[in-house]
Amino acid sequence: MYINSEKITQIVIRTLDKPVSYDLFENFIRKSPFIRQIAFIGKGIFDSPDFTKILDLCRLKSIALIFGEMARNVPIEIVDAMVRAGNIIAVNIHDGDPNINNMIELKNKYQMPVPEVNAIIQTEPRTPQDSLSESSYAFYNLADDKNNIPCWNLLYEPMIEFNGSLLGCWANPDKKHPINAFELGMESALNKSPFINMIKMLKSGKINTKCPCARCPVFASLVWDNSTIDIYTRTQK
Ligand code: SF4
C-alpha cells in the first residue's frame, strides 16, 4: 500500500494550548506541495510569536486557512492582519466575543469578502463523538453514524498535533506518536508504517496492538458491529 499525497489537499493542525513552531511549519509546507487548506483547531495558534509569518507563508503558497476557535485576547493588530490576509476563509468565535465586531468592522473597512465569521454558541456536546475524550472508552455507537466516524479523516483531512505528530484522526487515544509530519512532509509521513497500520487495521478488522486503533472505542465498535472500512478506497472516489 502506498499513499499518494497529491489527493490529500486539506489537513487539520491541533493547537489546543500550544502554537506551532514557525521553522517546523515552514519545513512542512516546503515538503508538502499539495496542501491547499489548513484548519487550525484550538486557541494555541494565536500564541505564536510568528503568527503573521504563518499567514504570509500560507498566502504565498495559496493555502486557505480556517481557524476553528479564536482566542478572546487576540490583539487588534492580529485581527487586522487576519482580515487583510485574504486567504482566511472562516473563523469561529465564541458568541459575545468582542473579536466578532472587530473582525466584521475590519472586513467592511477593507471591503473583504472573507473571512466568514461564525459565532460558536454551542456549549454542550451534541453527538457521541463530541463527548469522547482521550480517556473515554465508552462504546461508540456506529448505528446512526457509520459515514461520519473520525477514521474517515485519516486521508480526507488528516490531523496533526501542534508539534508535528501525525495523529491521523482526532480520536487517536495514544499520547506518543512515532511520526513527525512537520519534519518528514506529508507524503513521507503518511507512508510510514505506523500510519499505514492504522489503515490496514480498519480495512482488515485484525488487531495490531502497536496501533492506536487497538485502544480506540471506534474500532471496538467496528468489531462489535462486525464491520471494516476501507479508508484508502473511499479517498480515491
Ligand atoms: S479506530 Fe483508529 S482511525 Fe478510527 S477513530 Fe479510532 S484511532 Fe482514529
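Two strands are taken to pair if DSSP finds at least two bridges between them. Helices (H or I, at least four residues) and strands (E, at least two) are DSSP runs, numbered from the N terminus. The model described here is predicted: local features need pLDDT of at least 70, side-chain atom pairs count only at pLDDT 80 or more, and totals for chains, interfaces and linings use all residues. Residues are numbered from 1 along each chain as its sequence is written, and side-chain values use heavy atoms, with hydrogens and water left out.

Seven strands form an open sheet with mixed pairing, in the order E5-E4-E3-E2-E1-E6-E7. E5 and strand E7 (166-168) stand at the edges with a single partner strand each, so one side of each is left without a neighbour in the sheet. On average, neighbouring strands of this sheet are turned by 20° against each other, direction ignored; axes are lines fitted to C-alpha atoms, for helices over the stretch in contact, and angles run from 0 to 180 degrees between N-to-C directions.

Several of the pairings can be described in detail. Strand E2 (residues 37-41) pairs with E3 in the parallel sense over four bridges, and Ile38 stands opposite Leu65 in E3. Strand E3 (residues 64-67) is in turn paired with strand E4 (residues 88-94), again in the parallel sense, over three bridges; here Phe67 stands opposite Val91 in E4. E4 and strand E5 (residues 116-120) run parallel and are joined by five bridges, with Asn118 in E5 as the bridge partner of Asn92.

E3, H3 and E4 make a right-handed β-α-β unit, where right-handed denotes that, with the strands pointing away from the viewer, the path from the first strand over the helix to the second runs clockwise. A right-handed β-α-β unit is also made by E4, helix H4 (residues 98-110) and E5. H4 lies across E4 and E5 and runs at about 165° to E5.

Packing between helices was examined next. The axes of helix H1 (residues 22-31) and H2 come within 11 Å and cross at roughly 10°. That makes H1 roughly parallel to H2, a description applied to angles under 35 degrees, whereas those over 145 count as roughly antiparallel, 65 to 115 as roughly perpendicular and the rest as oblique. Tyr22, Phe25, Glu26 and Ile29 of H1 make the contact (heavy atoms within 4.5 Å) with Lys53, Ile54, Leu57 and Cys58 of H2. Helix H2 (residues 51-60) also packs against helix H3 (residues 76-85), at an angle of about 0° and with the axes 10 Å apart. H2 and H3 are therefore roughly parallel to each other. This contact is made by Phe51, Thr52, Leu55 and Arg59 of H2 and by Ile78, Ala81, Met82, Arg84 and Ala85 of H3.

Met159 lies in strand E6 (residues 159-161). At 8% relative accessibility, Met159 counts as buried, the term for values under 20% relative accessible area, with exposed over 50% and partly exposed in between (1.4 Å probe, protein chains only). Leaving aside its neighbours within four places in sequence, Met159 contacts residues including Val12, Arg14 and Trp170. The C-alpha atoms of Met159 and Gln10 are separated by 9.5 Å, although these residues are 149 residues apart along the chain.

In helix H10 (residues 217-224), Pro217, Val218, Phe219, Ser221 and Leu222 are buried. The buried residues of H10 pack against helix H9 (193-204).
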